There are 2 protein chains.
Amino acid sequence: MSLLPPQIQRTIEEFSKLPGIGPKSAERLTFHLLRSSKARPDRLGQTLLDLKHELKYCTQCQMITLQDECAICLDPSRDHATILVVEDPLEVVAFEKTSYRGVYHVLHGVLSPIDGMGPEQLRMKELVERAKTGTTNEVIIATNPDVEGEATASYIHLQLEGTVPKITRLAHGLPMGADIEFADQVTLREALAGRRSL
Amino acid sequence: MSLLPPQIQRTIEEFSKLPGIGPKSAERLTFHLLRSSKARPDRLGQTLLDLKHELKYCTQCQMITLQDECAICLDPSRDHATILVVEDPLEVVAFEKTSYRGVYHVLHGVLSPIDGMGPEQLRMKELVERAKTGTTNEVIIATNPDVEGEATASYIHLQLEGTVPKITRLAHGLPMGADIEFADQVTLREALAGRRSL
């Protein structure tokens, strides 16, 4: 590859370090940007240099924000006694499209010993402290329904038991539009166990 | 999405403009870089800002280079009477892994009226001028075996006919390691037509 100028090689290398982008895709992306006007790679480059600039975590919910507290935590019309615990900031964005009107707590990850993620790596301490203030009525645990998410949910439950009146977990069951024929057995079992009277 | 700080949104937008990267992948890439150390997005950002810096096209073969002429065109040990015509600089890299010892001509694209790519958008004029100098013995057309590549090959053939003693096209046929059972009929027909005596 020494045929290509070093900045092209470097771009290919940096792209191929990203998750889901192999060496071939990295080449394709680099040459796409090479063929486009100079403004394109410059814009993406500048945006990446700015990415972590002045980012803070909300002192309340640990959401990524530019202020000390995020817009949701500062909003007096929200129900501050209900805390929805999520793994990632993007999940806050997802729940904001629903009619949920409580507040959030972003863990920034899940328990995963294999990736070196213990309770200290997550914003777990901050959650326990928030719960201890006694103003919280309900903590809804909305970690993903996978092994790490379930383990994290159990851990949070153990940590908060006794300090919060109500600890709940998102319902498991069939997603809307799913085909029962193709649903896996764990989902079907959960859907049966969680059935509701009409 | 106004919940996320503007630089995060901008990064997601810029990533999703790249080919093969949808909005979900763009979010995943952005949050991957957010979670990593500050050096990671900075390195990719700086590399993109440098990408087009000081890049030139070789005055002979139109390969991307930092000098006026590329290392291959400057090499006196190469066969300068044989020109291999490719679509892209990456294809030069691919052929350099073979035992090919001639020189190249990079078109920087193929004829594709639907994408607004006519002969003027390609480095076609430069190829015709090189051929006219009379020092060229053979032009090997190595555009891809697809509709645009075949059309481009025919066009080059028409342009160079009479000025170059020999115009050839890469062989079509079964790729090494292929399974005849699964080969498409066009490839099989080409493989039959191009059969060689042993």
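Is Arg101(A) buried, exposed or partly exposed? Arg101(A) has a relative accessible area of 42%, and the cut-offs are under 20% for buried and over 50% for exposed, so Arg101(A) counts as partly exposed. Keep in mind that what you're looking at is a predicted model. We'll come back to this arginine, but let's start with the two chains.

Now, how do the copies meet? Of the interface residues of chain B, 100% are also interface residues in chain A, so the two copies use the same surface to meet.

Next up, charges. Side chains of opposite charge can pair when their charged atoms come close. Over all chains, a search of the whole structure turns up 20 salt bridges. Let's walk through some of them.

Take Lys56(A) and Asp68(A), whose side chains form a salt bridge with an N to O distance of 3.4 Å. This pair links distant parts of the chain: Lys56(A) sits in strand β1 (residues 56–57), while Asp68(A) is in the loop between β2 (64–65) and α4 (71–74), twelve residues apart. Lys56(A) is partly exposed, at 38% relative accessibility.

Back to our arginine. Arg101(A) pairs with Asp75(A) in a salt bridge, and their closest N and O atoms are 3.9 Å apart. Here the partners are 26 residues apart, with Arg101(A) in the loop between α5 (89–95) and β4 (102–106) and Asp75(A) in the loop between α4 and β3 (79–86). Asp75(A) is partly exposed too, with a relative accessible area of 22%.

Another salt bridge joins Glu96(A) to Arg78(A), with 2.9 Å between the closest N and O atoms. Glu96(A) lies in the loop between α5 and β4 and Arg78(A) in the loop between α4 and β3, so this pair ties together parts that are 18 residues apart in sequence. What about burial? Glu96(A) is partly exposed at 25%, whereas Arg78(A), with a relative accessible area of 6%, is buried.

Finally, look at a group that brings in both chains: Glu14(A), Lys17(A) and Arg43(B) are linked in a network of salt bridges.

How values were computed. Residues numbered from 1 in each chain as written. Chains lettered and ligands numbered in written order. Predicted model: local features only at pLDDT ≥ 70, side-chain atom pairs only at ≥ 80, totals over all residues. Heavy atoms only, no water. Contact = heavy atoms within 4.5 Å. Salt bridge = Lys/Arg side-chain N within 4 Å of Asp/Glu carboxyl O. Helix = DSSP H or I, 4+ residues; strand = E, 2+ residues; numbered from the N terminus. Buried < 20%, exposed > 50% of the residue type's maximum accessible area, 1.4 Å probe, protein only.
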